[in-house]
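Student: Please take me through the aromatic ring pairs of this chain in one close look. I would like to see where they sit and what surrounds them.

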Amino acid sequence: PPFCWKLALIAMSIHSTTGVRRRQAAFSSKSMKLRRVPTNPPSFKVGDLRRAIPTWCFEKSLMKSYSYVVLDVLAVAAAAYFASFIDGFFGHGGSLFSSFMRLLLWSCYWIIAGVFGTGLWVIGHECGHGGFAESKLNNDIPGFFIHTFLLVPYFAWKSSHRKHHSNTGNVDADEVFVPKVDMSQCASASISKSELDDPSDWSISYTLQSFLRL
């Protein structure tokens with residue numbers, strides 16, 4: 001709920017006052033050169049933030065979760081239904097008005113279908129994290145069907161996504177957001193840029209090998 005997010009932001013702002021002051025100190029009054037932001041761990045833990053938020057914010061309602069699924073599915077289906085009439089009404093003739101209306105209405109369809117389709121993806125993503133319902137089964141069933149509808153293998157994604165979250169930002173282990181490597185360090189280690197941009201990393205065999213290492 002929005003109220004819970006506000007509480008989380010308040011809790012983070014209270015605990016991160018020291019970090020803000022450090023970032024402000026990173027700017028020198030004599031030179032506007034940006035210095036490196038401190039990388040020391042914050043003075044609070046994730047558990048501290050969770051304890052600052054009321055427990056009812058973490059309660060999962062199966063009825064409410066499924067209502068979001070129904071809403072997104074109906075919105076996507078309704079958008080596709082009405083879009084099927086666009087070319088029928090404005091597809092005949094090459095007038096400027098017909099072309100403009102087709103462009104306008106198809107653009108509206110793309111936006112609506114994209115917004116609610118992304119909503120479905122977010123729900124499927126939360127199923128993989130266990131945030132849709134309390135039980136594993138009630139997370140996996142809608143997660144499987146939503147991901148199948150989006151042409152994404154649910155259980156394979158769930159496994160690799162778990163590895164991503166446990167290795168976020170790791171040069172060697174993260175499979176999603178791989179940080180950029182300092183080329184000067186690569187040169188000292190005798191690593192060429194072509195090795196970093198090896199196209200075989202995108203091959204099916206490499207993906208299968210990475211998945212088997214999970």
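**Aromatic pairs in a helical chain**

Tutor: From the N terminus on, the elements run α-α-α-α-α-α-α-α-α-α-α. That is eleven helices and zero strands. The model is predicted. The chain has 214 residues, and 23% of them count as buried. Among contacts between residues at least 6 apart in sequence, 50% join residues at least 24 apart.

Now the rings. A pair of aromatic rings is described by the distance of the centres and the angle of the planes. With centres within 6.5 Å as the cut-off, the count comes to nine aromatic pairs. Take Y66 and F132. Their centres lie 5.0 Å apart, with 90° between the planes, and the pair is edge-to-face. This pair links distant parts of the chain. Y66 belongs to helix α4, residues 62-83. F132 lies in the loop between α6 (96-129) and α7 (136-149). The two residues are 66 apart. How do they stand in accessibility? Y66 has 32% relative accessibility, so Y66 counts as partly exposed. F132 has a relative accessible area of 4%, so F132 is buried.

F90 and F97 form another pair. Their ring centres are 6.2 Å apart and their planes stand at 70°. Planes over 60 degrees apart count as edge-to-face, so this pair is edge-to-face. F97 has a relative accessible area of 52%, and because exposed means over 50%, F97 is exposed.

Next, a cluster. Ring pairs link F144, F145, Y154, F155 and W157. Two packed helices are described by the angle between their axes and the distance between the axes. For α7 and helix α8 (residues 154-166), the angle is about 115° and the axes are 9 Å apart. That makes α7 roughly perpendicular to α8. By class, the contact residues divide into four nonpolar, three polar and three charged.

The charged end of R50 sits over the ring of F58. The distance to the ring centre is 4.2 Å.

Note on methods: Residues numbered from 1 in each chain as written. Predicted model: local features only at pLDDT ≥ 70, side-chain atom pairs only at ≥ 80, totals over all residues. Heavy atoms only, no water. Phe/Tyr/Trp six-rings, centres within 6.5 Å; stacked < 30°, edge-to-face > 60°. Helix = DSSP H or I, 4+ residues; strand = E, 2+ residues; numbered from the N terminus. Buried < 20%, exposed > 50% of the residue type's maximum accessible area, 1.4 Å probe, protein only. Lys NZ or Arg CZ within 6 Å of the ring centre and 35° of its normal. Axes fitted to C-alpha atoms, helices over the stretch in contact; angles between N-to-C directions. Parallel < 35°, antiparallel > 145°, perpendicular 65-115°, else oblique. Nonpolar A, V, L, I, M, F, W, Y, C, P; charged D, E, K, R; others polar. Contact = heavy atoms within 4.5 Å.
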